[in-house]
Amino acid sequence: MEEIKNSIGLQNVGSIIRNLDRENLINMAIDHDGAVVANNGATIIETGIFTGRSPKDKYFVNQDPSNKYIAWGDVNQSLSKELWDDLLSKAKKQLSNKDMLYVSDVYCGASKGSRKSIRFVTEIAWQAHFIDNMFIMPTFNELDGFEPDFTVYNACKTTNEDWKEQGLNSEVFVVFNIEEKTAIIGGTWYAGEMKKGIFSMMNYWLPLEGKLPMHCSANVGKDDDVALFFGLSGTGKTTLSTDPNRALIGDDEHGWDDDGVFNFEGGCYAKVINLDPSAEPEIYGAIKRGAILENVGYDEDDGDALCVEVDYSCNKKTENTRVSYPINHIENIKEDMQAGHPQNIIFLSADAFGVLPPVSKLTKEQAMYYFLSGYTAKVAGTERGVNEPQATFSACFGEAFLPLHPTVYAKLLGEKIDKHGANVYLVNTGWTGGAYGTGKRMSIKNTRACINGILNGKINDSEFETTKIFNLAIPKTLEGVDTEVLNPRNTWDDKNAYDTQAKELAQMYIKNFRKYLDNSSDESFDFTAAGPQV
């Protein structure tokens, strides 16, 4: 381990614990980090005062040549090289002079031609366990001679007391130095920063290689037909991609290279607030020995810290309670986590305004437009202060993780649709017959039938008509779907009210899309032509 000690540049480190097996990591988390064990065998940990990502504390070092590619702004904030040096010194000081550190050498990406080698350095056993769950572990032979493409120093126990003078947002810092192939995390224990930090880096690296990184789930049928499911929180991405007749490739982060689709990860990271075993049996069944539960409620007065009972309804610490588990905790998976090129791509939107059809077939140009828009809607109760439906647009269904301009990803998607002949659909899992509060949520029966019609190809046997304003091609009939819901205007008692609401939603799309008109580096395609027209 002396070679690793020397390579990570830390002072006076005793033992390096490299790629320790999961069972020993669990025991060390109990002994050193205050972890407890649930009666289902999962390890329960707490992430301190930060129970989610800190997007306002994420920065990229502004230097050549990466600064020519990064889309600077609120998502990708700039940090000087001088300030980077200061924060790196703080992080390394925190990790130095330790009796023991954990080093995790892992892969991001199941495709050998596209994967990246990542090294994590941390002083927390359960964080090393989280890395073991969420990334792809090298074989014993692969570890011999492992050379990291990128190193992450997780110095979560340090804070930056000088943040105000430095003009930063808080004492937390999550900083990426592309040229030095290094990232640092300070001030937050939240493990998701590591997962999403590397996802952000994959979103930088892969497009420069002509490969498309994607925030989506993916599955594959018995005939090797691959489907992708894009969607923001609450749209049903995880639920609809979990199918007893199709093997799960992955539930969150994927790449698309010349060989096909591949999972970035080796595990799943799911919300568990109000987890219902009857509604989400796969996730519930995956929570066992080897899984990590974050910030969940349990009986803290229980005398046996090795057998506490979890309360999934408890939001005492956060609504963002989560579980991390290896993907093999789910039974129906694609074991190598990769497959061929997708036949079907599905964009999921939970439209709380009751305007979008339950299913629409998109042209390539429309696919690029709706991919860039990344629309869904929040409804009352989803967030504090949300009392009526609010439109949410997140470019490429993952704007927070895109270092490059969103049109880069949209153009890559268009090229791959052309090359591989993928069909693209927009599916509304939101409201019908009226907006939220007046209409009703699209039935899971109808939504499942729409998805089945896409996957079995029967939707292609349908006769289509085109909606007004949004110009979407919708089937007049589809097996298993109540015919009256296929055209959303027909489900409204007041047709004029529908037309008014449709125009209002269209204006929201148009207003959001204006930011792409001045910033696109390629004027050869006008994305707005494929969007709604008012």
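Which side chains meet in a salt bridge at 2.4 Å, N to O? Hi everyone, let's find out together. The structure above is a predicted model, where local features need pLDDT of at least 70 and side-chain atom pairs count only at pLDDT 80 or more, while totals for chains, interfaces and linings use all residues. Residues are numbered from 1 along each chain as its sequence is written, and side-chain values use heavy atoms, with hydrogens and water left out.

Back to my opening question: the pair is Arg289 and Glu23. A salt bridge here is a side-chain nitrogen of Lys or Arg within 4 Å of a carboxyl oxygen of Asp or Glu. Side chains of opposite charge can pair when their charged atoms come close.

Now find the two partners on the chain. Arg289 sits in the loop between helix 8 (281-286) and strand 17 (292-294), and Glu23 lies in helix 2 (residues 22-33), so this pair links parts of the chain 266 residues apart. Helices (H or I, at least four residues) and strands (E, at least two) are DSSP runs, numbered from the N terminus.

Next, please look at Glu46 and Lys317, another salt bridge, with the closest N and O atoms 3.5 Å apart. This pair also links distant parts of the chain, 271 residues apart. Glu46 is in the loop between strand 3 (43-45) and strand 4 (58-61), and Lys317 is in the loop between strand 19 and strand 20 (322-326). Glu46 is partly exposed at 38%, and so is Lys317 at 33%.

Lys211 and Glu209 form a salt bridge too, with 3.2 Å between the closest N and O atoms. Here Lys211 is buried, at 14% relative accessible area, whereas Glu209 is partly exposed at 37%.

How many salt bridges does a search of the whole structure find? The search finds 28.

Finally, a residue from strand 26 (residues 423-428): Asn428. Asn428 is buried, with a relative accessible area of 1%, and its side chain reaches the backbone oxygen of Leu356 at 2.9 Å.

Terms used. Buried < 20%, exposed > 50% of the residue type's maximum accessible area, 1.4 Å probe, protein only. Polar contact = N/O pair within 3.5 Å; in protein donor to acceptor, adjacent residues only side chain to side chain.
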